[in-house]
Protein chains: 2
Amino acid sequence: MSAQSEPRGERELIAAIARRLGRRPPPDGLVRGPGDDAAVTRAGKFAVTSIDTVVEGVHLSLATHSPADAGHKALGAALSDLAAMGAWCGEAYVSLAVPPALGPARALELVEGMADLADRTGATIAGGDVVSASELVVTVTVVGWADSAEALAYRDGARAGDLVGVTGQLGGSAAGLLLLQGLEATLPRATRDALLERHRRPEPRLALGRALATTGASAMIDVSDGIATDARHLADASGVAVAVELDTLPLDDGVAEVAEAADRDPAQLAVTGGEDYELLFTAPPECRSDLERAAGGSRLTWIGRVTSGGGLVLRSGDGRSLDLSGFEHL
Amino acid sequence: MSAQSEPRGERELIAAIARRLGRRPPPDGLVRGPGDDAAVTRAGKFAVTSIDTVVEGVHLSLATHSPADAGHKALGAALSDLAAMGAWCGEAYVSLAVPPALGPARALELVEGMADLADRTGATIAGGDVVSASELVVTVTVVGWADSAEALAYRDGARAGDLVGVTGQLGGSAAGLLLLQGLEATLPRATRDALLERHRRPEPRLALGRALATTGASAMIDVSDGIATDARHLADASGVAVAVELDTLPLDDGVAEVAEAADRDPAQLAVTGGEDYELLFTAPPECRSDLERAAGGSRLTWIGRVTSGGGLVLRSGDGRSLDLSGFEHL
């Protein structure tokens with residue numbers, strides 16, 4: 001942790017954070033953790049690095065997220081970028097800009113939420129910085145590793161004829177947020193809780209991302225903004241068109257009920273809601289069964305095709321069109 | 001650059017940033033720069049990584065720093081941590097939390113200041129994130145590289161009998177800040193300008209850090225908080241005492257005049273002012289001439305000794321004591 005310009009409260013918070021992080025024995029690759037000018041780690045052949053920032057009031061709200069949820073979400077969103085590359089999970093470096101009103105106990109809870117996810121995914125929180133600010137800003141840099149640059153999946157590898165697949169289920173995060181915002185919907189308690197958890201604690205698909213990248217996925221991206229945006233990013237980067245069949249989208253349990261209560265098309269939650277942190281990928285048709293095998297028990301759904309041309313086409317069997325004009329992040 | 005939750009203004013800013021960063025041909029080691037889920041770089045054997053955050057109003061002020069100064073300072077402070085380890089400079093990952101009032105033109109100026117320093121030091125800005133916030137928060141993660149973990153300098157290697165040295169000159173940043181805050185002092189224009197520059201645009205001592213680490217420095221830390229704090233960190237980490245002779249401290253030109261105008265002891269500016277981003281190091285006496293040779297034309301000053309015991313002792317030949325009680329960062 002940096003010692004730069006830290007008043008007493010920050011020093012104590014840093015010490016408490018160091019105690020929490022010190023609970024886990026340091027992994028073999030960590031030569032120096034927090035406490036020096038920089039961390040030192042044994043490197044793989046290729047470093048895969050992403051930086052992600054969440055701002056309270058913009059990307060999450062402490063009215064709907066506990067501090068531990070916020071910590072989980074900030075690290076989870078960053079690790080999802082490593083998943084989308086198919087990298088091995090390595091280290092995380094965390095900057096906390098903490099408003100005085102948050103208080104050290106809740107700041108520490110935030111770190112706990114992050115450290116629990118790190119422990120579970122095998123990430124090492126190897127360094128950080130704590131500063132004062134007027135609002136909560138959490139920045140996480142994650143560093144993953146790969147043995148070869150070709151073993152990774154990029155956004156630009158999709159080719160005409162490829163299938164389009166997605167992991168897991170969609171729309172759950174957007175539905176969970178609508179419930180958190182007070183929407184009334186008739187749902188079994190367990191379904192409701194699962195949707196809330198989906199929004200508060202997204203799960204980075206690290207093992208699945210590695211499996212897909214090494215088993216023939218030609219392109220991959222994580223679904224952070226919703227596939228309306230993310231599939232378009234992939235199409236644009238690859239110079240192809242992506243066509244998605246709306247009727248095939250795997251919806252989380254309860255999304256249909258929440259959409260009905262909100263007077264929305266369920267597909268809209270899946271397509272524009274975002275924050276599901278599933279993986280959207282493309283692959284040549286001949287890799288299909290290998291990919292399904294590589295996914296093990298995890299769900300893969302084939303939702304479309306790559307064609308020549310450009311842009312994103314969202315199609316429905318009943319010919320209904322999905323209103324995407326002016327769609328906002330829910 | 002991440003695409004997460006970005007309104008139009010952020011997308012345009014990200015595109016402008018990408019154009020600025022694209023002006024320089026990508027270095028050999030960069031497999032993927034901004035634009036995918038993560039950057040991919042060819043790694044060295046050991047990764048040396050630090051994350052640093054500066055908040056407008058806490059660590060710098062746009063009343064006294066141009067946006068380009070702020071960008072330079074945020075990257076410079078982070079790179080200084082790599083210098084203090086003796087690492088090769090590698091990549092930087094930048095998160096900008098930008099208040100609407102800053103505006104895209106000034107946000108881009110900030111990136112320009114950062115990119116100019118990156119170009120000059122050989123750092124590659126390989127990724128980033130841009131988000132909206134109510135205040136300016138800039139977080140920089142820097143990744144440097146080393147061929148062996150033993151070639152690096154840590155804070156905990158100082159041994160009783162070692163000499164204590166410092167690069168460059170001290171107190172200039174604190175003096176520059178006092179001038180920026182309106183202090184009147186009689187100074188030649190060039191001296192005044194140099195002090196302002198010293199505060200606004202700290203220079204990371206990357207080459208010097210590598211030279212010292214590989215030529216016998218037993219411990220090293222960068223002077224971000226002032227040696228009263230930083231020498232104590234080094235002493236505590238090494239389990240030794242550090243004694244510094246105040247009369248030997250190399251002061252920047254003009255520090256004496258500014259201190260007099262501010263009715264302060266010049267040594268106080270050097271010792272507690274901070275933000276000089278020089279390197280404080282220790283070394284066995286037999287390495288002294290090797291280190292001086294390795295520094296080339298750069299100034300090294302021997303300012304004290306490591307002894308057994310603990311803590312920091314600040315000594316003056318005339319027996320005067322320096323009031324450090326309740327010292328604050330200037």
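Which residue of chain B forms a salt bridge with A:Asp156? In this predicted model, the partner of A:Asp156 is B:Arg32, and the closest N and O atoms of the two residues lie 2.9 Å apart. This pair belongs to an interface between chain A and chain B across which six salt bridges are found. Polar contacts between chain A and chain B, with both residues at pLDDT 80 or more, amount to 24 residue pairs.

The side of chain A that touches chain B draws two or more residues from each of several elements, namely the strands β1 (30–32), β2 (39–42), β3 (46–55), β4 (88–98), β5 (124–132), β6 (137–146) and β8 (219–222), together with helix α2 (67–85). The largest share, nine residues, is supplied by β3(A). By residue class, this side of chain A consists of 27 nonpolar, 19 polar and 14 charged residues.

The extent of the interface was then considered. The size of an interface is often given as the accessible area lost when the parts come together. Between chain A and chain B, the buried area is about 4900 Å², and carbon and sulfur atoms contribute 52% of it. The contact involves 60 residues from chain A and 60 residues from chain B.

Strand pairing also links the two chains. β2(A) pairs with strand β3 (residues 46–55) of chain B in the antiparallel sense, over four bridges. Within this region, A:Thr41 has B:Ala47 of β3(B) as its bridge partner.

Notes:
Residues numbered from 1 in each chain as written. Chains lettered and ligands numbered in written order. Predicted model: local features only at pLDDT ≥ 70, side-chain atom pairs only at ≥ 80, totals over all residues. Heavy atoms only, no water. Contact = heavy atoms within 4.5 Å. Buried area = accessible area lost by both parts, 1.4 Å probe. Salt bridge = Lys/Arg side-chain N within 4 Å of Asp/Glu carboxyl O. Polar contact = N/O pair within 3.5 Å; in protein donor to acceptor, adjacent residues only side chain to side chain. Nonpolar A, V, L, I, M, F, W, Y, C, P; charged D, E, K, R; others polar. Pairing = 2+ DSSP bridges.
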